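User: I'd like to learn how to read a few features of a protein model. Can we start with salt bridges?

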Amino acid sequence: MIKIGSIELPEHPLLLAPMEDVSDPPFRRLCKQHGADLMYSEFISSEGLIRDAIKSKKKLDIFDYERPVGIQIFGGDEEAMAMSARIVETVEPDLVDINFGCPVKKVVCKGAGAGVLKDIDLMVRLTKAVVKSTHLPVTVKTRLGWDEDSINIDEVAERLQDVGIHALTIHARTRAQMYKGHSDWTHIERIKNNPRIHIPIFGNGDIDSPQKALEYKEKFGLDGIMIGRAAIGYPWIFNEIKHYFKTGELLPQPAITDRIEAARNHLIWSMEWKGERLGILEMRRHYTNYFKGIHGFKPYKQKLVTTDEPEILLAIFDEIAEVYKEYARL
């Protein structure tokens, strides 16, 4: 069993990464159904929360069926981070996570996300401000360092643990790599093996199959794995990995009926949470991933991304099910 404060997770838990414009409640609900052990909100701007920005506030929505669930915040100002942590506490998540890893320019330019990797003292002050302002467990997600010449994760891990964080997730790339190139988990392994470190250490980066998950579990000996991009349009990956851990056998690929059900539910839940119009529009980016590799699917995808009426969209799913019913498995 892995503990984060009072949160109890199974041995070697699978975490769903916080992903901007992806990790909203409808998507998290699907991933929870399919085996995710711990999930996080999309990252939320501390400045936005303080300004009462509608988009930031909406991201605070969490539901009991998601638990345990964390809310992730980012920012570069100690007072703003402390205030936003207190706001987050009012919606009663299970933990608060700090983003020190987002490499996107608009975040980095504000001295937040991975931008803080250039200033460990600031990172420590920001973390301390959050820890002091909430009774919830505080965790951090970060990267190895700014670039290959400034990998500072060893110092970061020790100092953040010293100011009170309860777990650390490390994306095994530098900010300079963005999401490209090779992720190097040997750095995370070194943190885990540091005798000074006693908090859970989770690894993130490039886990896209049960085989790779097991290889990395055995090779690096971390406390758990965080999965991001591989879950987009494929929430089944969590249970597939768990099954492989237990049996060494691969589950069958999800059938076309499984894919239709997941996409349909995602759409329905998106409309319920975001409102009909926005739910339909923002769902369009997901269809390619749900139906990847299905022969002759292009005309149906075109219908799905150009239709604005909920009833017609649901009828399209029925049509897909009828046309592809002879495909028992892909």
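This is a predicted model: local features need pLDDT of at least 70, side-chain atom pairs count only at pLDDT 80 or more; totals for chains, interfaces and linings use all residues.

User: How many salt bridges does the structure hold?

Analyst: There are 21 salt bridges in it. Take Glu-66 and Arg-28: their closest N and O atoms are 2.3 Å apart. Glu-66 sits in the loop between α3 (54–58) and β6 (69–74), while Arg-28 belongs to helix α1 (residues 25–33), so this pair ties together parts 38 residues apart in sequence.

User: Are those two partners buried or exposed?

Analyst: The cut-off for buried is under 20% relative accessible area. Glu-66 comes out at 0%, so it is buried. Arg-28, at 1%, is buried too.

User: Which residue pairs up with Lys-192?

Analyst: That's Asp-223, with the closest N and O atoms 2.9 Å apart. This one also links distant parts of the chain: Lys-192 is in helix α8 (residues 186–192) and Asp-223 in the loop between α9 (210–220) and β11, 31 residues apart. With a relative accessible area of 24%, Lys-192 is partly exposed, whereas Asp-223 is buried at 12%.

User: And where do Asp-308 and Arg-277 lie?

Analyst: First, the contact: their side chains meet in a salt bridge at 3.2 Å, N to O. Asp-308 is in the loop between α14 (298–306) and α15 (310–323), and Arg-277 is in helix α12 (residues 276–283), so parts 31 residues apart in sequence are tied together. Asp-308 has 38% relative accessibility, so it counts as partly exposed. Bridges can also share partners, and that joins Asp-24, Lys-274 and Glu-282 into one network.

User: How do the lining residues divide into nonpolar, polar and charged?

Analyst: The lining of the largest pocket has 12 nonpolar, 8 polar and 6 charged residues.

User: One last thing: where does Gly-248 lie?

Analyst: Look in the loop between α10 (237–247) and α11 (256–274). Gly-248 has 45% relative accessibility, so it counts as partly exposed. Gly-248 and Pro-210 are 38 residues apart in sequence, and their C-alpha atoms are 9.1 Å apart in space.

How values were computed:
Residues are numbered from 1 along each chain as its sequence is written. Side-chain values use heavy atoms; hydrogens and water are left out. Helices (H or I, at least four residues) and strands (E, at least two) are DSSP runs, numbered from the N terminus. Buried means under 20% relative accessible area, exposed over 50%, partly exposed in between (1.4 Å probe, protein chains only). Ala, Val, Leu, Ile, Met, Phe, Trp, Tyr, Cys and Pro count as nonpolar, Asp, Glu, Lys and Arg as charged, and the others, Gly among them, as polar. A salt bridge is a side-chain nitrogen of Lys or Arg within 4 Å of a carboxyl oxygen of Asp or Glu.
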